[in-house]
Amino acid sequence: MTAIVIENVWKEYGDQVVLESVNLSVETRAFVALVGPSGCGKTTFLRMLLGQEKPTRGRILLDGAALPPEPGPDRGVVYQRYSVFPHLTVLGNVMIGPELRGARLLGRRFGAARRALAEEARSMLAEVGLAGNENKYPAQLSGGMQQRLALAQALMMKPRVLLLDEPFGALDPGIRADIHKLMKRLWNEVPMTVVMVTHDLREAFTLATRIVAFERLRDRPEERLRYGATLSRDIDVWPPRIAGRTTIYDADILPGQDDLTSLGHSFGTTRQTGASEHATRFPHP
Ligand SMILES: Nc1ncnc2c1ncn2[C@@H]1O[C@H](COP(=O)(O)OP(=O)(O)OP(=O)(O)O)[C@@H](O)[C@H]1O
């Protein structure tokens, strides 16, 4: 089944065309990495999937229906920073989403309902390796722990689609490797489709089932405003990664296995994007 369909989507801000004629179908439970040079519109694209921005033209379907006009619990998001609430404890951060949603529908939760939610929040925290930190505040956590908390917060809402905007970009390499393992495990276990913006191709190949590149194909100074970026590469990672079915390339998340990721690199097969072939280059300032 197809989770997300993007049909001829354009995004313009005033006179500036940021994205043009983007077409993309993302299968349910895919993990798509979105790469491309700085400023090509990756975050803008993610914000459209979230419902924070509207396409100027074209449409976006989620499970066959028009994308709801507002961000909703069906779509979770984790940013590079500042995804969590600094004034709430770790436990409070994980409970706040369901509490707010519940309050809208049923009023505040009390007694048994609140205890059940706290229990669920605690097991989610254990899931992301944060057991024992429930009463701390985000400022008392390391960067890696804060991103684990942000993931737990997003996953508590059981989103159908998880949107990640360079969520691991600010982490040290060792912590990044750990959180990659966690992310792989969560994607295998939780029924969700993931779209992740990253500047790091290695990270893209480590995590994704598919790598999609945006690129501005016309980039002379006089063309910069009139033409936007579009999909220039679409690569299926090989060997195929299928949610729930771990391969030797994911041996680092199999119980009782040593870290075997250094065994091999993944290579990809290119899908037809409709765009002319361009060398893949993703400079970062
Ligand atoms: N709200 C806005 N109003 C006007 N222009 C915007 C707005 N949001 C983004 N832009 C412009 O859209 C372009 C794409 O920005 P965007 O942040 O999506 O790029 P990006 O690929 O995510 O960049 P980076 O990799 O550096 O994060 C930029 O030129 C930016 O200035």
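In this predicted model, the shell around the ligand draws its largest share, 3 residues, from helix 1, which spans residues 42-50. The chain that holds this shell is built from 6 helices and 11 strands, and of its 285 residues 35% count as buried. Among the contacts in the chain with a separation of 6 or more, 73% are accounted for by residues 24 or more positions apart.

**Ligand surroundings**

- The residues around the ligand are Tyr13 and Val18, then Gly36, and then Ser38, Gly39, Cys40, Gly41, Lys42, Thr43 and Thr44.
- Sorted by class, the shell around the ligand contains 6 polar residues, 3 nonpolar residues and 1 charged residue.

**Domains and their contact**

- The domain assignment divides the chain into domain 1, made up of 2-74 and 159-270, and domain 2, made up of 84-143 and 152-158.
- To the contact between these domains, domain 1 contributes 9 residues and domain 2 contributes 8 residues.
- On the side of domain 1 that touches domain 2, helix 5 (residues 173-189) gives the most, with 3 residues.
- That side of domain 1 consists of 9 nonpolar residues, with no polar and no charged residues in it.

- Strand 3, covering residues 31-35, is mostly covered, as 5 of its 5 residues are buried.
- In a regular strand the side chains alternate between the two faces of the sheet.
- Both faces of strand 3 are covered, with Phe31, Ala33 and Val35 buried on one side and Val32 and Leu34 buried on the other.
- Strand 3 runs parallel to strand 8 (residues 193-197) and is joined to it by 4 bridges; within this pairing, Phe31 has Val194 of strand 8 as its bridge partner.
- Strand 3 also runs parallel to strand 9 (residues 210-216), again with 4 bridges between them, and here the bridge partner of Val32 in strand 9 is Arg210.

**Backbone features that deserve a look**

- Most residues other than glycine have a negative phi, and most peptide bonds are trans.
- Trp238 and Pro239 are joined by a cis peptide bond, with omega at about -5°, and Pro239 has its place in the loop between strand 10 (229-238) and strand 11 (267-270).
- Asp63, although not a glycine, has a positive phi of about 45°, and this residue is found in the loop between strand 4 (57-62) and strand 5 (65-66).
- Asp63 counts as partly exposed because it has 15 C-beta neighbours inside 10 Å, a count that lies between the limit of 12 or fewer for exposed residues and that of 20 or more for buried ones.
- Lys158, likewise a residue other than glycine, has a positive phi near 50° and is found in the loop between helix 4 (143-155) and strand 7 (161-165).
- With 14 other C-beta atoms within 10 Å, Lys158 is therefore partly exposed.

Conventions:
Residues numbered from 1 in each chain as written. Predicted model: local features only at pLDDT ≥ 70, side-chain atom pairs only at ≥ 80, totals over all residues. Domains from an automatic or database assignment. Contact = placed C-beta atoms within 7 Å. Helix = DSSP H or I, 4+ residues; strand = E, 2+ residues; numbered from the N terminus. Nonpolar A, V, L, I, M, F, W, Y, C, P; charged D, E, K, R; others polar. Near = placed C-beta within 6 Å. Pairing = 2+ DSSP bridges.
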